[in-house]
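Here are my notes for your read-through. Please keep the model open beside them.

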Amino acid sequence: MTNLTIRRLDEALKHRLRLRAAQNGRSMEKEVRCLLAAGLSEDGPGPMLGPVAKPASPAGAAAAQAGALAGRRVLLIIGGGIAAYKGLDLIRRVRERGAEMRVILTYGAQQFVTPLAAGALAGERAYTDLFDQTTEFDVGHIRLARDTDLVAVAPATANLMAKMAAGLADDLASTVLLATDKPVLIAPAMNPQMWAHPATRRNLARLTADGVRVIGPNAGEMAERGEAGVGRMAEPGEIAGALERLLGAGMPHPLKGQRMIVTSGPTHEPIDPVRYIANRSSGKQGHAIAEAAARAGADVTLVSGPVAIADPPGVRVIKVESARAMLAAVEAALPADVGVFAAAVADWRVAEAGEQKIKKGTGSAPQLALVENPDILATVARHPTKRPRLVIGFAAETEHVIAHARAKLAAKGCDWILANDVSPRTGVMGGDANSVHLVSEGGVESWPRQPKAAVAQSLVERIAQALGPRQ
Ligand SMILES: Cc1cc2nc3c(=O)[nH]c(=O)nc-3n(C[C@H](O)[C@H](O)[C@H](O)COP(=O)(O)O)c2cc1C
C-alpha cells in the first residue's frame, strides 16, 4: 500500500520525500508511515540534531512574538558560506524579538556580505579582525566572548566546525568560540557532500559531545544550481525560535530565587597515586537535572565527580574526585533550598592509599582494606542547622529496586528517593534513557522510560510543585 502511494506521487513530491527520508535515515516507505502516523505536514522542517528540541508549533509561535528576547544578548558569528545572506536576516529577526546583538564576520563571510550591512542591521559595528587595535582596546575578544548570553554561529561552515572541534583559534571568530563560557548554537550549512563527509561527521560528534547545540541543516535545494540534499541552513525563523528556547524566553521560572545543590557522576577513590576505585556512572542524569533546574530559574551549584561530559550552561560547577571531597564541597555550598544527590558516590575507599605506586613482584597481591565513605545524603538530610527544605536522593539498584529504595528513604532521612534499575541489561549506567520510581512517604510513582533530560524536566516540575511559590 505504501509502495503504491509512493509510485503515484508526482516527481516533485517524490523528490522531496526522498530528501526527507535521507535526512531522517529512513526508507521512503517508513518515512510515509511516520508522516501518516504523526499527521505531520510535509513542509515541516527536518528534525534538529543534537539536544535542541524541534520547535513546538503553538508555543513556539506564541514565544516568537516581539519582545520574547528582551534584555538578552546574542553574539552572532557569520561564517563564509553562501547562506551568509540568511545570517543578515537572522540579525533582523533576533532584534525584532528585543535582543541586543553583536556580530562577527569571518574573512570568508565578508566575501558574501559586508560588515557595513551586518553592522547597520545589528545597530552596532560588526567585528572582523582579531588584531584590530580599536576593537581590542574598545571591547576586546574576551569581552566579546563573555558579554553575551549565547553565541550563535550561522551559517556554520565545514571549516568553522572543524576549527571548533579541534580548538583552533586563528581568527576573531574561532578565538571567541574558544574563549566563551556561554552556550553555543551552530546552524551548519554546506554542500551535502561536505555534510556527509566522515570528517564533518566526526567534527559534529565532537561538538555535540562538547555541549554545542546544533540546529539543522535541513534537506532541500542548495543555492548552487542543480544540487539538492541535506545541507541547507535552517531558516532564520527556526534559528531564532531555537535561540528563544535555549535562552528560556517566555518560559516560566518556577524555581526563581531557589538555591539548589546537585551532585553528579562517580567518585574516584585512590588506591595509590595512579590507581583508583570507580563506578560506571556517566553523570548524564545529574547534569541534566542541574541544567533543567537552571533553566527553571534556580541558582544551581553542581558538585561533579570525574565525568567526560560538558558542564551544563548557567550552572556553577565544582569538580571533585573523592567522596570526602564531594561532601566538603556540598557542605561549603549549603545552605540551599533543595538538594538533589544524583552522584554515584563510592561506598568504600581504601583505608590507607599508597603514597607511591604499589609494586607487583613482591610474591603476593596487596590486600586492600576498605573503610566506609561518609554518607553525603544522610549527612545533609540530618544536618542540624542547614538541612535543605527538600532533600532528594537517588538509589541505583540491581534488584528489589523499590523495596531497597523504601529502606533507603527511611534510613537516610531524606524526603524523596528516585530509584532506578542500573542492571547492565537496562543500559541506564552511561546511557541516555532512564526509568525511575519516585519513592516518598506518600507512596511510589513509576515514571515511564524516557530520555534523562525528560526525567530531569519532570523532576524539576515536581520540585517546583512541592516548594510552592517563593515566600
Ligand atoms: C561560492 C562559495 C560558496 C561556499 N559555500 C560554502 C558553504 O555553504 N558552506 C561551507 O562550509 N563552505 C562554503 N564555502 C567554502 C568556505 O567559504 C571556505 O571553506 C572558507 O574557508 C570558510 O571560511 P570560514 O569558515 O572562516 O568562514 C564556499 C566557498 C565559495 C567560494
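Is His 400 buried or exposed? His 400 is exposed, because 12 other C-beta atoms lie within 10 Å. The cut-offs are these: 20 or more other C-beta atoms within 10 Å of a residue's own make it buried, 12 or fewer exposed, and anything in between partly exposed, with C-beta atoms placed from the backbone.

1. Basis. This is a predicted model; local features need pLDDT of at least 70, side-chain atom pairs count only at pLDDT 80 or more, and totals for chains, interfaces and linings use all residues. Residues are numbered from 1 along each chain as its sequence is written.

2. His 400. His 400 sits in the loop between strand 16 (390-397) and helix 17 (401-412). Helices (H or I, at least four residues) and strands (E, at least two) are DSSP runs, numbered from the N terminus. The phi of His 400 is positive, near 40°, and the residue is not glycine. Most residues other than glycine have a negative phi, and most peptide bonds are trans.

3. Cis peptides. Ala 154 and Pro 155 are joined by a cis peptide bond, with omega about -5°. Pro 155 belongs to strand 3 (residues 150-156). The bond from Gly 216 to Pro 217 is cis, with omega near 0°. Pro 217 lies in the loop between strand 5 (213-214) and strand 6 (218-221).

4. Leu 88. This residue is in helix 5 (residues 84-96). Leu 88 is buried, because 20 other C-beta atoms lie within 10 Å. Beyond its neighbours within four places in sequence, Leu 88 is in contact (C-beta atoms, placed from the backbone, within 7 Å) with Val 113, Ala 117, Ala 118 and Leu 121. Leu 88 and Ala 118 are 30 residues apart in sequence, yet 6.1 Å apart in space, C-alpha to C-alpha.

5. Helix 13. Of the 11 residues in helix 13 (residues 236-246), 10 are buried. Among them are Glu 238, Glu 244 and Arg 245. Gly 248 follows helix 13 and has a positive phi, near 65°.

6. Ligand shell. The ligand is surrounded by 16 residues, the closest being Gly 80, Gly 81, Thr 106, Gly 108 and Thr 157. A residue counts as near if its C-beta atom, placed from the backbone, lies within 6 Å. Helix 9 gives the largest share of the shell, 3 residues. By class, the shell has 9 nonpolar, 7 polar and no charged residues. Nonpolar means Ala, Val, Leu, Ile, Met, Phe, Trp, Tyr, Cys and Pro; charged means Asp, Glu, Lys and Arg; the others, Gly among them, are polar.

How values were computed
Two residues are in contact if their C-beta atoms, placed from the backbone, lie within 7 Å.
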